[in-house]
Amino acid sequence: MKRPDTQSVILVGVGGQGTILASKVLTTGLIDAGYDVKMSEVHGMSQRGGSVTTQVRYGQKVWSPLIGQGEADVLVSFETMEAMRCLPFLKPGGKVIVNTYRMPPLPVLSGECEYPDGIVDELKKRADTLAIDAVKIASDLGMPRGMNVVLLGALISAIGVDGADWTQALRGCVKPKFFEDNLRCLEAGLNLAAAKA
Amino acid sequence: MTKQLMSGNEAVARGAWEAGVAFASAYPGTPSTEILENVGTYKEIVAEWAPNEKVAMEAAIGASMGGVRSMAAMKHVGLNVAADPIFTFAYMGVSGGMVFVTADDPGMHSSQNEQDNRNYAPFIKIPMLEPSDSQEAKDMFRDAFDLSERFDTPVMFRMTTRVCHSKSLVEPGERYPFAAIPYVKNRAKFDDVPIAAKRNRLKMPERDRRLLALSNDCKYNRAEYSGSRKVGIVTSGVSYQYAKEVFGDAVSYLKLGLTNPLPIDLIREFRARVETMYVIEELDPYMENQIKAAGIDCIGKEKIPAIDELNPNIIRKALLGEEARGVQGDPKLVVPRPPALCAGCPHRGFFYEAAKRKDTVIVGDIGCYALSGNEPLNAKDLANCMGSAFSVGHGLSKAFALSGQDKTVVACMGDSTFFHTGINALEEVIYNDSHLICCVLDNRITGMTGHQENPGTGYTLKGEPATIMDVGTIVRALGLERVRTVNPLHLDEMKKALDWAYTEVREGPVVLITRWPCVLKRLSAEDRREFRMTPAQCTIDRKKCIGCKKCLSTGCPALSFDTCERKAAIDPMQCVGCTVCAQVCPQQAIVKGAKKA
Ligand code: SF4
Ligand code: SF4
Ligand code: SF4
């Protein structure tokens with residue numbers, strides 16, 4: 001008996017990729033637009049290179065801060081393989097936004113196993129998937145670290161929130177010095193998803 | 001003021017400020033760490049890191065006796081450490097209100113067990129509050145001080161990871177101007193000799209009765225009847241949110257916030273009005289057992305699991321038989337991403353050398369170095385709880401000696417852990433003379449929980465300068481002269497120090513201190529003077545590299561192996577130029593010098 005108006009977004013990445021900043025801008029914009037918002041960070045021990053998941057839920061009234069498998073409307077992955085790890089959280093018919101950037105985990109670095117190939121194809125087969133080379137887009141805009149904001153832009157355009165001022169939300173979350181660069185990343189993300197839609 | 005998105009921990013800090021709290025103390029531990037970090041941002045509150053939870057609790061007790069409102073915060077296992085003083089303080093009651101937080105970790109996201117600390121409340125015989133979200137965390141925490149003073153009792157505030165770390169909207173309020181209660185000597189209350197304790201003990205049943213009356217009639221315990229009375233759910237904490245998520249307004253709820261004493265009359269009344277009653281609670285059947293013992297029938301752990309964190313899906317499956325299935329993909333396309341010691345972590349050199357030793361058992365402790373058991377370092381054998389390495393190692397080495405097992409025991413813990421309770425364990429080792437190599441891995445900070453200051457770092461929680469306690473000096477003051485300090489990034493030095501320790505340990509206990517700052521630490525002026533680091537990186541000469549993979553055995557995440565070309569590589573984004581890998585390379589293929597990117 002899930003309230004139809006509550007939307008759930010999962011953001012996943014590897015420690016240090018800026019998922020937290022992206023979630024912060026997202027929640028700020030949603031709150032300003034008048035939604036009830038709950039956000040939960042789910043991660044294991046000490047974050048020394050492990051995967052980090054943030055769940056953001058918004059709607060008229062949000063109860064649980066946590067969702068289970070098969071309940072996310074949108075999955076945004078800041079790293080390619082992490083999208084596969086989190087796929088069971090996506091509800092059938094949900095959307096995936098995936099960064100084509102790879103961060104090999106320890107067993108791959110040590111040559112114990114290979115970084116799996118064909119992830120994006122698999123994702124496309126299973127769900128409505130938008131694959132983005134966010135590092136390239138952000139680098140072209142002169143700010144390689146802004147890939148998180150590019151992905152955020154794509155997410156925002158995918159969920160289509162009315163009445164939110166994202167420029168303002170971004171301004172409140174980043175240092176003034178980096179605002180202009182971040183804004184360009186955000187706009188690139190917004191346009192990208194809109195173009196493919 | 002407008003609503004703000006706050007984590008439960010931030011909300012507790014705000015609640016403390018609004019309640020007029022003047023003194024707060026804690027030892028960091030996930031998921032409770034951010035409570036004190038946030039309390040520390042309010043200038044009106046004296047906020048301190050204590051060396052351990054018992055000390056934090058005792059300091060808060062003292063502040064309460066001194067007439068101000070005070071608090072202590074800890075993770076669930078911290079209450080085990082702090083249990084001693086609070087049991088007795090529960091007899092005495094308070095002067096200024098006193099509330100302590102225990103943050104449980106269902107699912108063990110970052111803990112060694114998932115004990116359900118609600119069981120402590122009836123054991124200590126004090127009221128317990130359980131918030132469901134950030135707004136409640138703030139309001140309840142503020143109100144807990146009134147409760148504490150009204151009923152002359154410390155109050156237990158029980159949170160869980162999901163309440164601590166999830167964010168929801170909170171409406172901030174004003175600070176209550178709490179005037180300190182002047183101190184008056186009162187031995188009958190605060191001097192816990194048996195005669196006073198016995199009198200205090202006799203007063204407690206009356207307090208329990210008054211609390212029970214409150215529990216049956218207070219705003220934090222409320223029934224929400226819906227149109228349908230077919231199903232009623234008794235629930236508390238974050239489980240309430242999960243239950244609402246699944247059933248919405250289709251069922252009736254009894255939402256409990258004051259859960260010790262449990263409002264049995266209220267529950268009985270609720271039971272009479274619904275056809276079937278479920279108890280939805282995370283972990284132990286804490287409420288269910290008491291409800292059933294009162295002869296009220298309900299369904300609880302027959303359906304809801306007693307292990308691991310709950311979520312709406314688990315409840316949906318348990319009570320409705322509906323199983324949500326997400327999108328499934330090819331499992332071959334995912335490989336594990338285990339956490340690892342950071343690139344350039346000072347612990348790496350120590351573990352690399354220690355793991356090579358034959359007939360050695362390495363006893364670990366609670367901190368980043370817990371990761372040393374994983375491949376490829378494969379160093380640690382075992383660990384129990386915070387500050388236990390030396391005492392566990394002590395017993396282990398005694399057992400080996402007694403049973404003729406020829407093994408050397410190397411026990412290690414961090415600097416913060418040493419100050420926590422490791423210092424007591426070292427007393428045991430020295431006094432009872434075991435042949436144990438005790439290593440203090442001093443990275444100059446509390447690394448695991450996110451870089452909190454401790455008695456060894458020279459700064460307080462508020463960032464003010466403090467007396468630096470030197471581990472080596474302390475060890476010598478305890479009467480042990482076999483102590484050496486080494487730089488763990490110099491493998492030769494590390495190896496020689498271990499050789500020395502392995503020889504000396506035949507005579508008795510040895511202490512080795514590895515001293516180098518955590519790579520993520522913001523260096524203080526003292527650090528910059530002591531630790532000279534050239535900001536450069538290492539690179540691999542691909543012509544010299546023979547692909548032997550020896551460097552990879554250090555487990556540094558900046559190193560990778562190119563399986564096609566069969567050569568190692570270093571990621572310039574991560575490498576800090578610690579040179580541990582270079583010292584391991586048999587071909588001298590790794591050189592330091594590249595400018596830091
Ligand atoms: S945080 Fe510091 S101590 Fe912990 S693994 Fe990283 S470098 Fe090592
Ligand atoms: S240890 Fe030296 S030779 Fe061996 S793989 Fe590493 S860099 Fe190459
Ligand atoms: S020098 Fe080697 S061990 Fe040290 S951080 Fe760089 S790659 Fe890692």
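Val519(B) sits in the loop between β18 (510–515) and α19 (525–530) of chain B. The model shown in every view is predicted.

**View 1. A nonpolar surface patch at Val519(B).** Val519(B), Leu520(B) and Val576(B) make up a nonpolar patch on the surface. Their accessible area together is about 210 Å². Val519(B) has 33% relative accessibility, so it counts as partly exposed.

**View 2. Ligand 1 between two chains.** Ligand 1 lies between chains A and B.

**View 3. The shell around ligand 2.** The residues around ligand 2 include the run Cys545(B), Ile546(B), Gly547(B), Cys548(B), Lys549(B), Lys550(B) and Cys551(B). Ala568(B), Cys585(B), Pro586(B), Gln587(B) and Ile590(B) are also around ligand 2. Eight residues of this shell are nonpolar, two are polar and two are charged.

**View 4. The fold of chain B.** Chain B contains 20 helices and 22 strands. Its radius of gyration is 27 Å, close to the 25 Å from the globule rule for 597 residues, so chain B is as compact as a globular protein of that length. The C-alpha trace spans about 80 × 65 × 55 Å along its principal axes. Buried residues account for 59% of the 597 residues in chain B.

**View 5. A buried strand residue, Leu258(B).** Leu258(B) belongs to strand β12 (residues 258–260) of chain B. Its relative accessibility is 1%, so Leu258(B) counts as buried. In sequence, Leu258(B) and Pro127(B) are 131 residues apart. In space, C-alpha to C-alpha, they are 7.2 Å apart.

**View 6. The salt bridge of Arg162(B) and Glu309(B).** The closest N and O atoms of this salt bridge are 2.7 Å apart. Arg162(B) lies in helix α7 (residues 161–165), and Glu309(B) in the loop between α12 (286–293) and α13 (312–320), so the pair ties together parts of chain B that are 147 residues apart in sequence. Arg162(B) is buried, at 2% relative accessibility. Glu309(B) is buried too, with a relative accessible area of 10%.

**View 7. The salt bridge of Asp470(B) and Arg515(B).** These two side chains meet at 4.0 Å, N to O. Asp470(B) lies in the loop between β16 (436–442) and α17 (471–477), and Arg515(B) in strand β18, so the pair ties together parts of chain B that are 45 residues apart in sequence. Asp470(B) is partly exposed, at 32% relative accessibility. Arg515(B) is buried, with a relative accessible area of 18%.

View 8. The side chains of Arg476(B) and Glu481(B) meet in a salt bridge at 3.9 Å, N to O. Arg476(B) counts as partly exposed, at 39% relative accessibility. Glu481(B) is exposed, with a relative accessible area of 59%. Elsewhere, salt bridges that share partners join Arg14(B), Glu18(B), Lys138(B), Asp139(B), Arg142(B), Asp143(B) and Lys219(B) into one network. Over all chains, the structure holds 55 salt bridges.

Notes: Residues numbered from 1 in each chain as written. Chains lettered and ligands numbered in written order. Predicted model: local features only at pLDDT ≥ 70, side-chain atom pairs only at ≥ 80, totals over all residues. Heavy atoms only, no water. Patch = residues over 30% accessible without salt bridge, like charges linked within 9 Å, V, L, I, M, F, W, Y side chains within 5 Å. Areas by Shrake-Rupley, 256 points an atom, 1.4 Å probe, with all protein chains shown as cover. Helix = DSSP H or I, 4+ residues; strand = E, 2+ residues; numbered from the N terminus. Buried < 20%, exposed > 50% of the residue type's maximum accessible area, 1.4 Å probe, protein only. Near = heavy atom within 4 Å. Rg over C-alpha atoms; globule rule 2.2 N^0.38 Å. Nonpolar A, V, L, I, M, F, W, Y, C, P; charged D, E, K, R; others polar.
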